[in-house]
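Student: I have a model open and I'm new to it. Can we go through it piece by piece?

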Amino acid sequence: MTLAIFGVIDLLLRVLTYVIIAQAILSWLVAFNVINTSNDFMRSFLSALDRMTEPLYRPIRRILPDFGGIDFSPIVVLLLIHVLRILLGGLAADIA
């Protein structure tokens, strides 16, 4: 039963990783005017991604110093997710 829970948590962390990567890439495309935000669907999609990732970024943005226009919070969150997945994998191996 606990292995199934670890599997579900690992899957959710993997999906969160893909959401963060998609949000970062789309924010770059918006910044370079590749994606037009006047499209209602694209604006709502970007807004949904921002609402999903902002609670994760906010505490890290408070800790990190200002690097000008570069936001390193997605990289830090991805590193923390990776460490968490490694720890969960070790726990799952110990339990099994």
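Student: How many residues does H3 have, and how far does it reach?
Tutor: In this predicted model, H3 has 23 residues and reaches 33 Å from its first C-alpha to its last. That is close to the 33 Å expected at 1.5 Å a residue.

Student: Which residues of H3 are buried?
Tutor: Ser-73, Pro-74, Val-77, Ile-81, Leu-88 and Ala-92.

Student: And what covers them?
Tutor: The cover over the buried residues of H3 includes H1 and H2.

Student: OK, H1 then. How many residues, and what is its reach?
Tutor: H1 runs over residues 2-31, which is 30 residues. From first C-alpha to last it reaches 43 Å, close to the 44 Å expected at 1.5 Å a residue.

Student: Which of its residues are buried?
Tutor: The buried residues of H1 are Phe-6, Asp-10, Leu-13, Thr-17, Val-19, Ile-20, Gln-23, Ala-24 and Leu-26. Their cover includes helix H2 (40-63) and helix H3 (73-95).

Student: At what angle do H1 and H3 pack?
Tutor: The angle is about 165°, and the axes of H1 and H3 are 10 Å apart. That makes H1 roughly antiparallel to H3, because angles over 145 degrees count that way. The crossing of H1 and H3 is left-handed.

Student: Which residues make that contact?
Tutor: From H1, they are Thr-2, Leu-3, Phe-6, Ile-9, Asp-10, Leu-13, Arg-14, Leu-16, Thr-17, Ile-20 and Ile-21. From H3, they are Pro-74, Val-77, Leu-78, Ile-81, Leu-84, Arg-85, Leu-88, Leu-91, Ala-92 and Ile-95. By class, the contact of H1 with H3 has 16 nonpolar, 2 polar and 3 charged residues.

Student: Pick out Thr-17. Is it buried or exposed?
Tutor: Thr-17 is in helix H1, and it is buried, with a relative accessible area of 17%. The cut-off for buried is under 20%.

Student: What does Thr-17 touch, leaving aside its neighbours within four places in sequence?
Tutor: With those neighbours left aside, Thr-17 is in contact with Leu-78 and Ile-81.

Student: Now H1 and H2. How do their axes cross?
Tutor: The axes of H1 and H2 come within 10 Å and cross at roughly 120°. H1 and H2 are therefore oblique to each other. H1 passes H2 in a left-handed crossing.

Student: Who is in that contact?
Tutor: H1 brings Leu-16, Val-19, Ile-20, Gln-23, Leu-26 and Val-30. H2 brings Phe-45, Leu-46, Leu-49, Asp-50, Met-52, Thr-53, Leu-56 and Tyr-57. The contact of H1 with H2 has 11 nonpolar, 2 polar and 1 charged residues by class.

Student: That leaves H2 and H3. What is the angle there?
Tutor: The axes of H2 and H3 cross at roughly 110° and come within 9 Å. That makes H2 roughly perpendicular to H3. The contact is made by Leu-56, Tyr-57, Ile-60 and Arg-61 of H2 and Ser-73, Pro-74, Val-76, Val-77 and Leu-80 of H3. Those residues divide into 7 nonpolar, 1 polar and 1 charged.

Student: Different topic. Where does Asn-33 lie?
Tutor: Asn-33 lies in the loop between H1 and H2. At 67% relative accessibility, Asn-33 counts as exposed.

Student: What is its phi?
Tutor: Asn-33 has a positive phi of about 55° although it is not a glycine.

Student: Last one, Gly-7. How far is it from Thr-53 in space?
Tutor: Gly-7 and Thr-53 are 22 Å apart, C-alpha to C-alpha, and 46 residues apart in sequence. Gly-7 lies in helix H1 and is partly exposed, with a relative accessible area of 36%.

Key. Residues are numbered from 1 along each chain as its sequence is written. This is a predicted model: local features need pLDDT of at least 70, side-chain atom pairs count only at pLDDT 80 or more; totals for chains, interfaces and linings use all residues. Side-chain values use heavy atoms; hydrogens and water are left out. Helices (H or I, at least four residues) and strands (E, at least two) are DSSP runs, numbered from the N terminus. The expected span of a helix is 1.5 Å times one less than its number of residues. Buried means under 20% relative accessible area, exposed over 50%, partly exposed in between (1.4 Å probe, protein chains only). Contact means heavy atoms within 4.5 Å. Axes are lines fitted to C-alpha atoms, for helices over the stretch in contact, and angles run from 0 to 180 degrees between N-to-C directions. Angles under 35 degrees count as roughly parallel, over 145 as roughly antiparallel, 65 to 115 as roughly perpendicular and the rest as oblique. A crossing is left-handed if the near helix is turned anticlockwise from the far one by less than a right angle, and right-handed if clockwise. Ala, Val, Leu, Ile, Met, Phe, Trp, Tyr, Cys and Pro count as nonpolar, Asp, Glu, Lys and Arg as charged, and the others, Gly among them, as polar.
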